Amino acid sequence: MDHTQNPYECVNCKETEWSAAGSTSCTLRVVEYVPFTDSGAILIMVGAWALVGLTLAMSVLFAINYNTPVVRSAGGPMCFLILGCLSLCSLSVFFYFGKPTTSFCILRFLPFLLFYTVCLACFVVLSFQIVYIFKIAAKFPKLRSQWIKYHGQWLVITVAFVTQALLLLFSITFAPPKPYNETLYPDKMILGCDINLKAFFGPVVLLLSLCFLCFILSYMGKDLPKNDNEAKAITFCLLLLILTWIIFATEHLLYHGKYIQTLNALAILSSLYSFLLWYFLPKCYIILFQSYKNTQEYFQGLLLNYNTRQ
């Protein structure tokens with residue numbers, strides 16, 4: 001309370017000020033946010049640039065070996081779409097540092113929510129195709145012809161992308177994220193972004209729905225041939241993704257300091273690396289160092305052994 005204006009009447013300090021118990025004047029709060037020069041911010045941004053470099057290198061490697069069994073089984077043309085979207089998702093990381101503005105707050109969420117939706121839609125399609133080929137094709141043989149005729153994989157991905165884009169456009173138009181001054185601590189003011197959870201309910205639900213649908217489909221294919229088991233790799237990546245955000249949600253509940261922004265950026269980067277390192281990197285290793293596994297004969301041998309066991 002400020003007693004200096006009138007000795008007989010107390011008035012509230014401004015939002016940017018605070019007053020200790022028994023004090024007769026207001027003191028400016030210490031303004032805190034994570035600058036671009038912070039060591040943690042630098043490490044995370046370097047990690048984001050490294051991710052972009054790795055996705056570019058993997059894209060070149062996959063393009064050179066495009067017609068090989070490993071690349072085709074990993075998704076073929078969808079590999080390039082996924083890698084490109086992972087790179088675009090990393091844009092969100094850079095806007096968690098520096099003084100928040102309205103544009104910074106929007107760009108913290110927009111690239112990740114939009115392009116990660118495309119990534120998950122691609123993995124939903126891959127998981128469905130794997131499960132269909134090995135477990136459903138015999139029961140529904142006509143489904144394959146319809147899937148191919150109407151370009152089912154690209155239709156699903158396009159619908160997911162357009163739906164998420166419209167939901168985000170609606171959310172940002174009517175309730176955009178905006179700078180927010182956190183005054184939980186009496187002597188400091190932490191600059192952050194305030195997001196309307198009700199407005200962003202649709203985009204988040206769509207992302208979660210794709211995640212759990214992908215997990216269910218990929219888990220159904222966990223017992224497929226070892227070298228053709230993309231489903232098992234996708235399941236493991238999704239488990240890492242879910243674990244990452246459970247840890248972040250716990251930290252968000254327990255910690256309210258300025259470094260929550262750094263932890264949020266780290267959670268996003270971990271989500272991107274989960275697919276890059278555990279889905280794509282093993283395939284790069286096979287292409288570069290185990291070329292004998294990247295042959296049609298090797299794949300056919302594994303499929304023959306699998307069919308014999310069945």
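**Helix packing, salt bridges and surface features**

Visitor: At roughly what angle do the axes of helix H5 (residues 102-136) and H10 cross?
Guide: The model discussed here is predicted. In it, the axes of H5 and H10 come within 13 Å. The angle at which these two axes cross is roughly 25 degrees.

Visitor: Are H5 and H10 roughly parallel or roughly antiparallel to each other?
Guide: An angle under 35 degrees counts as roughly parallel. H5 passes H10 in a left-handed crossing, and the axes cross at roughly 25 degrees. The relation of H5 and H10 is therefore roughly parallel.

Visitor: How are H3 and H10 oriented to each other, roughly parallel or roughly antiparallel?
Guide: The axes of helix H3 (residues 77-89) and H10 come within 10 Å. Their crossing angle is roughly 155 degrees, and the crossing is left-handed. Angles over 145 degrees count as roughly antiparallel. The relation of H3 and H10 is therefore roughly antiparallel.

Visitor: Which helix contributes the largest share of the nonpolar patch?
Guide: Leu54, Phe236, Leu277, Trp278 and Leu281 make a nonpolar surface patch of about 430 Å². Trp278, one of these residues, lies in helix H10. The largest share, three residues, comes from helix H10.

Visitor: Which residue forms a salt bridge with Lys283?
Guide: A search of the whole structure finds two salt bridges. In the one formed by Lys283, the closest N and O atoms are 2.9 Å apart, and the partner is Glu230.

Visitor: Are Lys283 and Glu230 buried or exposed?
Guide: Buried means under 20% relative accessible area. Lys283 has 9% relative accessibility and so counts as buried. Glu230, with a relative accessible area of 4%, is likewise buried.

Visitor: Which strand holds Lys188, whose side chain meets that of Glu32 in a salt bridge?
Guide: The Glu32 and Lys188 side chains meet at 3.7 Å, N to O. This pair links distant parts of the chain, 156 residues apart. Glu32 lies in strand E3 (residues 30-32), and Lys188 lies in strand E5 (residues 188-194).

Visitor: Into which accessibility class does Lys188 fall?
Guide: The cut-off for buried is under 20% relative accessible area. Glu32 counts as buried because its relative accessibility is 19%. Lys188 has a relative accessible area of 23%, so its class is partly exposed.

Visitor: What distance separates the C-alpha atoms of Val31 and Lys258?
Guide: Val31 is found in strand E3 and, at 44% relative accessibility, counts as partly exposed. Along the chain, Val31 and Lys258 are 227 residues apart. Their C-alpha atoms are separated by 9.9 Å.

Visitor: What value is the phi of His151 near?
Guide: Most residues other than glycine have a negative phi. His151 is found in the loop between helix H6 (141-149) and helix H7 (152-174), and is exposed, with a relative accessible area of 53%. Its phi is positive, near 50 degrees.

How values were computed:
Residues are numbered from 1 along each chain as its sequence is written. This is a predicted model: local features need pLDDT of at least 70, side-chain atom pairs count only at pLDDT 80 or more; totals for chains, interfaces and linings use all residues. Side-chain values use heavy atoms; hydrogens and water are left out. Patches are made of residues with over 30% relative accessible area and no salt bridge: like charges are joined within 9 Å, nonpolar side chains (Val, Leu, Ile, Met, Phe, Trp, Tyr) within 5 Å. Accessible areas come from the Shrake-Rupley method with a 1.4 Å probe; for residues, only the protein chains shown count as cover. A salt bridge is a side-chain nitrogen of Lys or Arg within 4 Å of a carboxyl oxygen of Asp or Glu. Helices (H or I, at least four residues) and strands (E, at least two) are DSSP runs, numbered from the N terminus. Axes are lines fitted to C-alpha atoms, for helices over the stretch in contact, and angles run from 0 to 180 degrees between N-to-C directions. Angles under 35 degrees count as roughly parallel, over 145 as roughly antiparallel, 65 to 115 as roughly perpendicular and the rest as oblique. A crossing is left-handed if the near helix is turned anticlockwise from the far one by less than a right angle, and right-handed if clockwise. Buried means under 20% relative accessible area, exposed over 50%, partly exposed in between (1.4 Å probe, protein chains only).
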